[in-house]
Amino acid sequence: MTLSLVSGLILLQTYGPTGFNERLALDNDVALKREMVAAFHEAYLQYPEIPQGLLEAIAFVQTRWSQPESSQEDHNHQPSALGVMGLYRESPGFEPTLEWAAQAYGVDPETLIESPRLCILATAALADHLIYNNGLAGQDLEAMGPVLAELSGIQGKGEISEYAKTSFIYDALLALDRGYDDHGIAINQRNIAWEQVFSADQLSKLRVPLIHMDLDRDEIEFPGYEREPQSETLVPLEGASNLSKSTDYGPALWVASPYFGTRGTSIRTVSIHTMQGSYAGTINWFKSNPYSVSAHYLVRSSDGQITQMVREANRANHTYAHNAYTLGIEHEGYINNAAWYTSAMYAASAALVRHFCQRYGIDPQSCYGGPASSGINVLSDSVHIKGHQHFSNNTHTDPGINWNWASYKNLIVGSTSQTTLLDSFESSEGHFNTSPAYSGSTQGISSTSTADRTTSLKHAGSYSEQIMLKDNPNTQANWEVRFLSGSGSPGANVPLAKAGGRVGFWIFSGGSGLSAAVGVDDSDGTERSIAKSIPANQWTYLGWKLDDSAEWNAWVGGNGIITASSVTLDAIWFFRAETSYTVYLYLDDVTYRRE
């Protein structure tokens, strides 16, 4: 009996059939990522002109550091991205990057599809060739736009193709700007000088976050543009740009697909799709493809940006016999990889569906909210918001087993829980009127760190609390910041019932690598929650259940379990590895919810 077989039997006995498959998939994923880490290291040694992090960013944008299944569903007839680097065969709308990379490294193209190492090294060889061919040797990441444009595989020179290419470049650089770490594959966060990469019009179209732009100046000046204070993005002044906006749905951009027709009936259903490809590639595909496929809206994974390609009044070609009465939303990613389905994507898509419900009288409660499934699972015609896989007379299985229908429906319908707003920062700082550097338990940050109300960025209303964290240069300690509620006095805070209770807040971080927790005053001391990561450059709600012991640890005098029937909020905690960068956090709507 081989060692691998013995190991497999042990796993099967330990985890059971279902757990065995999940554990095996996890082990395979970890093994793949370790192989990729070694290959990335080898590639940078062979091709030192490639800026560090560029290869990891391309693989992240194309495949989320995974090996696409060779039998993956052919959605919208769109050519598949192959290998861990997401390369293409020559096909309508796409350049033969698979053949280019193989030729650059001197190997057979087919070997790149199944070998992560060879795929990475061959792509590196192609990138190195493009760097020298474009005269970019010795240049920084910001200069790599032409290289990324060619590596995207997107074909064409028209306005829509150029928009698709710049979207790919943006996503790759955004991965570097935010930083990621997944089972050892690390993209170190760095501040991208966006204004060196894109024109003002491109910055506005892509909705590039300006948090990191021009760190030496407080103001960013582009003739004919201004900074939009809430989103911190660049927007054109009245009449200053030909930026196309959707006339159907305000937050969306408008890029026209030629593939549409008349409806002949009223809109009553929404079809949820997964692209089986990238946002940039699908925009390019819907612009020109031999199958005339299209959809009304496309949603980007990284930040929830939406592009409309067919007017709502027209029929798009996305759900076969049901097109006449259906609106279609395509979501970036692949059905076999849950990493594409981000909170930003869910939130943006749900907001779009709420718009549909209000405009066309679709009942939000008619959204499917059951378990996700693979394969085709036809639902009743009374379910008006559902996946492509839920329609009759079709062969597609998206959005598949990884789409969280219960959470998505809740975003569309709205929570039925009772919510108490503890601090909104609209009229004052409320309970959070003490500097984050005040508490004696805080470490790593400078006493010049501040917290002030601001209108520059907020989740709701007109104000949020801006928390500026500066490093203490006299210590190398990691940051642990206790941001006190009611100066840390239990008597100054609102009692919160334990049973069914959840305390949380909305948070926006201008940098990566941060996590947050909350502390509560219990009857037997102070308990502190587990820390949860804060995604960079997007509003995220973090919450903790008071009656779930798995979410709590002991702190001062506590036992790690909330024992009292009610507690009070002691503080919000922020954690980060020591850094010399100043980090800005935005806190809004500190809430208590009881289910």
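Helix α10 covers residues 343–360, and its 18 residues should span 26 Å at 1.5 Å a residue, which agrees with the 26 Å between its end C-alpha atoms. The expected span here is 1.5 Å times one less than the number of residues. Helices such as this one are DSSP runs of H or I with at least four residues, while strands are runs of E with at least two, and both are numbered from the N terminus.

Before going on, please note that this is a predicted model, in which local features need pLDDT of at least 70 and side-chain atom pairs count only at pLDDT 80 or more, while totals for chains, interfaces and linings use all residues. Residues are numbered from 1 along each chain as its sequence is written, and side-chain values use heavy atoms, leaving out hydrogens and water.

Let's stay with α10 for a moment. Its buried residues include A344, M345, Y346, A348 and L352, along with H355, F356 and C357. Buried means under 20% relative accessible area, exposed means over 50%, and partly exposed lies in between (1.4 Å probe, protein chains only). An α-helix has 3.6 residues a turn, so residues three or four places apart point the same way. Among the elements covering the buried residues of α10 are the strands β7 (269–274) and β11 (326–331), and also helix α11 (405–413).

Now for two helix pairs that share α7. How do α7 and α9 lie relative to each other? Helix α7 (residues 159–178) and helix α9 (residues 279–287) pack at about 170 degrees, with axes 8 Å apart. That angle makes α7 roughly antiparallel to α9. Axes are lines fitted to C-alpha atoms, for helices over the stretch in contact, and the angles run from 0 to 180 degrees between N-to-C directions. Angles under 35 degrees count as roughly parallel, over 145 as roughly antiparallel, 65 to 115 as roughly perpendicular, and the rest as oblique. In this pair, I160, S161, Y163, A164, S167 and F168 of α7 meet Y279, A280, I283, N284 and K287 of α9. Contact means heavy atoms within 4.5 Å.

Helix α2 (residues 54–63) also packs on α7, at about 120 degrees and with axes 9 Å apart. That makes α2 oblique to α7. A57, I58, F60, V61 and Q62 of α2 make the contact with F168, D171, A172, A175 and L176 of α7. By class, these residues divide into 8 nonpolar, 1 polar and 1 charged. Here Ala, Val, Leu, Ile, Met, Phe, Trp, Tyr, Cys and Pro count as nonpolar, Asp, Glu, Lys and Arg as charged, and the others, Gly among them, as polar.

Next come some backbone details. Most residues other than glycine have a negative phi, and most peptide bonds are trans.

| Residue | Phi | Relative accessibility |
|---|---|---|
| S292 | near 60 degrees | 32%, partly exposed |
| F425 | about 65 degrees | 1%, buried |

S292 sits in the loop between α9 and β8, and F425 in the loop between β13 (418–423) and β14 (450–454). A cis peptide bond joins D398 and P399, with omega about 5 degrees. P399 belongs to the loop between β12 and α11.

Finally, the whole chain: how many helices and strands does it have? The protein chain has 11 helices and 25 strands. Of its 595 residues, 55% are buried.
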